[in-house]
Structure formats: structure tokens, C-alpha cells
Amino acid sequence: MSQSQNYLKTSLLIIALIAFLSLFAQLSITIGMIPITGQTLAIGIIASIFSLRIGLIVVISYLLLGALGLPVFANQKSGIDAILGATGGFLVGFIFYIITVRACLNFSKKLISFIGANLLATLITLIFGSAWLYVSRDLSMMKVINVAMIPFIVPGIIKSILSAVIGYSAMLYLRRSNQ
């Protein structure tokens, strides 16, 4: 494959993954200030399957497109206010999600590693998003924990496990198809 064909293939993959992430962001249940969305499931799948480079390009492009006004965030929100507002820490936290999963998967490619990596990345994203909320709003730490952490623990665990199983299955499939 020529370099230009590889570049085109990679570019189309990135565009498809941004669309995938944007679509999953619209799968949303709003509870209070922060919606439970499918975008964290999409981030987990992307982090579990694709390289650090691809994952970071997708997330940073997604954030830039949203900041520029494309309605890609949950509930079709967009703009710099969405990033600087109450949910901004969770959006920026997706960068740390990708980094965490890819770093963990450098050590092991077992299913338990995929699950552990996604659970840890979810926790880091929740902590980062909660800290952002605490700093950006005039809320007590207890209020932040009740609003931004507790309601997202069970959905986060479920989405982490789903992401891990999908990522692990994709890895096994790709290994078999490359033999």
C-alpha cells in the first residue's frame, strides 16, 4: 500500500470514529447537571481497539469540532461553553481515558487487563470531571460527589466492561484474521 493510500485509509478511519463518538454522545439520559451518555462507551471501545495516536487524534478532533460549534457533544451541545462548563472536565477527561487504557494494554493483552484498564480510565475520568465541576461551579465537595460521581459508578462499570469485552474480542478477531 502506498503512503498516500495509507494516509487516506487512516484519515477515513479517524472521520468514521469521530462520527461513531458523536453518534454515541447522543445516546443520553440527563440526570441533573451531567448526562449519562454513550460517548464514554464509544471512548472505551476506541481506546481498547485503536492505537494511542489514533485515539488521541479522534478525541482531540472531536473536542475541536465541538468547540467550533458542531453539535457533537451530548444532547447536541457544542461551543467553547460546553468545554468550559460543568461537563467540560469529563470531555477533556476522555484524553486521559485514551492514555490510561493504551498505557495499561502495553503490559498485557488479557481480558482482565482490558477490563482493569477501562475501569481505571473511567475512574480517572470521573475524578477529573468532578474536580473540574468543583472548580468551575460554586458547589461543595459533597454536592459534587453526589452529582458527578455516585450516579455514574454503576453505568461506568457497565460501559467499562462492555468496552473491554468489545475491544478484547476485536483484538482476538484481528489476530486470527492476520494469521
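Visitor: Before we start, what counts as an aromatic pair here?
Guide: Rings of Phe, Tyr and Trp (its six-membered ring) pair if their centres lie within 6.5 Å. Keep in mind that this is a predicted model.

Visitor: Got it. How many aromatic pairs does a search of the whole structure find?
Guide: The search finds six aromatic pairs. One of them is formed by Phe20 and Phe24, with 4.5 Å centre to centre and 45° between the planes, a tilted pair.

Visitor: Where do Phe20 and Phe24 sit in helix α1?
Guide: They are four residues apart in α1 (residues 3–25), so about one helical turn separates them. Phe20 counts as partly exposed because its relative accessibility is 23%. Phe24 has 18% relative accessibility, so Phe24 counts as buried.

Visitor: What about the rings of Tyr62 and Phe73?
Guide: Their centres are 5.3 Å apart and the planes are at 75°, so this pair is edge-to-face. The pair links distant parts of the chain, 11 residues apart: Tyr62 is in helix α3, while Phe73 is in the loop between α3 and α4 (80–84).

Visitor: Are those two buried or exposed?
Guide: Both Tyr62 and Phe73 are buried.

Visitor: And what does Phe73 contact, leaving aside its neighbours within four places in sequence?
Guide: Its contacts include Ala25, Gln26, Gln39, Tyr62, Leu63, Ile83 and Leu91.

Visitor: Which residues touch the most other members of the largest nonpolar core?
Guide: Val58, Tyr62 and Phe73 do, in a core of 34 residues. Helices α1, α2 (39–49), α3, α4, α5, α6 (111–136) and α7 (141–177) each supply at least two of its residues. The largest share, seven residues, comes from α5. Apart from this core lies another, of 11 residues, with Ile36, Ala86, Phe90 and Leu133 among them.

Visitor: Switching to helices: how do α3 and α5 pack?
Guide: Helix α3 (residues 52–67) and helix α5 (residues 88–105) pack at an angle of about 175°, and their axes are 10 Å apart. That angle makes α3 roughly antiparallel to α5, because angles over 145 degrees count that way.

Visitor: Which residues meet there?
Guide: On the α3 side they include Leu52, Leu56, Val59 and Tyr62, and on the α5 side Leu91, Phe94, Ile98 and Arg102 are among them. The residues of this contact divide into 12 nonpolar, one polar and one charged.

Visitor: One last thing: which residues do ring pairs link into a cluster?
Guide: Phe96, Phe128 and Trp132 are linked into a cluster by ring pairs.

Key. Residues are numbered from 1 along each chain as its sequence is written. This is a predicted model: local features need pLDDT of at least 70, side-chain atom pairs count only at pLDDT 80 or more; totals for chains, interfaces and linings use all residues. Side-chain values use heavy atoms; hydrogens and water are left out. Axes are lines fitted to C-alpha atoms, for helices over the stretch in contact, and angles run from 0 to 180 degrees between N-to-C directions. Angles under 35 degrees count as roughly parallel, over 145 as roughly antiparallel, 65 to 115 as roughly perpendicular and the rest as oblique. Contact means heavy atoms within 4.5 Å. Ala, Val, Leu, Ile, Met, Phe, Trp, Tyr, Cys and Pro count as nonpolar, Asp, Glu, Lys and Arg as charged, and the others, Gly among them, as polar. Rings of Phe, Tyr and Trp (its six-membered ring) pair if their centres lie within 6.5 Å; planes under 30 degrees apart count as stacked, over 60 as edge-to-face and the rest as tilted. Buried means under 20% relative accessible area, exposed over 50%, partly exposed in between (1.4 Å probe, protein chains only). A nonpolar core is a set of buried Ala, Val, Leu, Ile, Met, Phe, Trp, Tyr and Cys residues joined through side-chain atoms within 4.5 Å.
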